[in-house]
Amino acid sequence: MAEFNTIPANATTTTVGERIPTVIVDNVHLIYRVYGASAGGAGSAVAALKRIVTRQPQRPTLREVHAVKGVSFVAYRGEAIGLIGSNGSGKSTLLRAIAGLMPVNRGAIYTQGQPSLLGVNAALLGDLSGERNVALGCLAMGMTPEQVKKATPDILTFSGINERGDFGSLPMRTYSSGMQARLRFSISAAKKHDVLLIDEALATGDSRFRRRSERRIRQLRANAGTVFLVSHSIGSIRDTCERSVWLESGEIRMDGPTDEVTRAYEDFMSSR
Ligand SMILES: Nc1ncnc2c1ncn2[C@@H]1O[C@H](COP(=O)(O)OP(=O)(O)OP(=O)(O)O)[C@@H](O)[C@H]1O
């Protein structure tokens, strides 16, 4: 997408008023292959006895989980998009593919720049202090050592982990899961991202941190990035995203203004 290079970094439209695409998802299929999974009772005691009697070795089996089925949409600069859907509908899988962490089996994903995935499972090292993890996380995001030094106090303050004592110098394994999630979010949000993918990160923070991180997401968007937010908290989605994509069983059920999509999703969930 070489034509993006000629557009000013903070513009959300071209000079002729066209919106600038940042992520194009074109008829994407994502399939997990699970090796060694026993299918249809092959793992039962009767099946095992039968194999012993007939002296047949257990054959390795392969099962496929078709997690995302033919999904297409275009995301634009300056948009915050909520990804909603019931458990197992394919939201996290789709984010991982947009981040380039999972190959697509069919279709294609085009992105502007390198999308950054911020998830509750993002790797931070439990034996290192919060401060060291901040430094490593910032270096991994491409900051220089000087930028890291400058950004570290702000990141620690934003995360709020030092509000109840000097936790920044303690190993991360001593943090609650909410504190760990807050620090992960704060590290990722310290950098301007072309495309920031957030998987449930806000759900684990308390309400004060949630408000703070929602403000930060709005700032990241205002800096012309695109934000994707996966969350089961419809409140967070409504407060942060003006557009939502609803996935169900790996397919798009609805894509449009958050108010309309979340209302339809809530009706669907309450009728189940
Ligand atoms: N590593 C994996 N191996 C095999 N199947 C997987 C794997 N990860 C997810 N799946 C399957 O892919 C499907 C989509 O899962 P995914 O985690 O993307 O859903 P989700 O919408 O994010 O769910 P949730 O809301 O529960 O987090 C599910 O059927 C799940 O069982």
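The following legends describe close-up views of a predicted model. Local features require pLDDT of at least 70 and side-chain atom pairs count only at pLDDT 80 or more, whereas totals for chains, interfaces and linings use all residues. Residues are numbered from 1 along each chain as its sequence is written.

**View A. Residues around the ligand.** The shell comprises Tyr32, Val34, Val65, Ala67, Gly85, Asn87, Gly88, Ser89, Gly90, Lys91, Ser92 and Thr93, a residue being near a molecule if its C-beta atom, placed from the backbone, lies within 6 Å of it. Strand S1 (21-35), strand S2 (62-76) and helix H2 (91-98) each give two or more residues to this shell; helices (H or I, at least four residues) and strands (E, at least two) are DSSP runs, numbered from the N terminus. H2 supplies the largest share, three residues.

**View B. Residue classes in the ligand shell.** Four residues of the shell are nonpolar, seven polar and one charged. Ala, Val, Leu, Ile, Met, Phe, Trp, Tyr, Cys and Pro count as nonpolar, Asp, Glu, Lys and Arg as charged, and the others, Gly among them, as polar.

**View C. Asn27 in strand S1****.** Asn27, a residue other than glycine, has a positive phi near 50°. Asn27 counts as exposed because it has 12 C-beta neighbours inside 10 Å (buried, 20 or more other C-beta atoms within 10 Å; exposed, 12 or fewer; partly exposed, in between; C-beta atoms placed from the backbone).

**View D. Ser249 in the loop between strands S8 and S9****.** Phi of Ser249 is positive, near 50°, in a residue other than glycine. Ser249 is partly exposed, since 14 other C-beta atoms lie within 10 Å.
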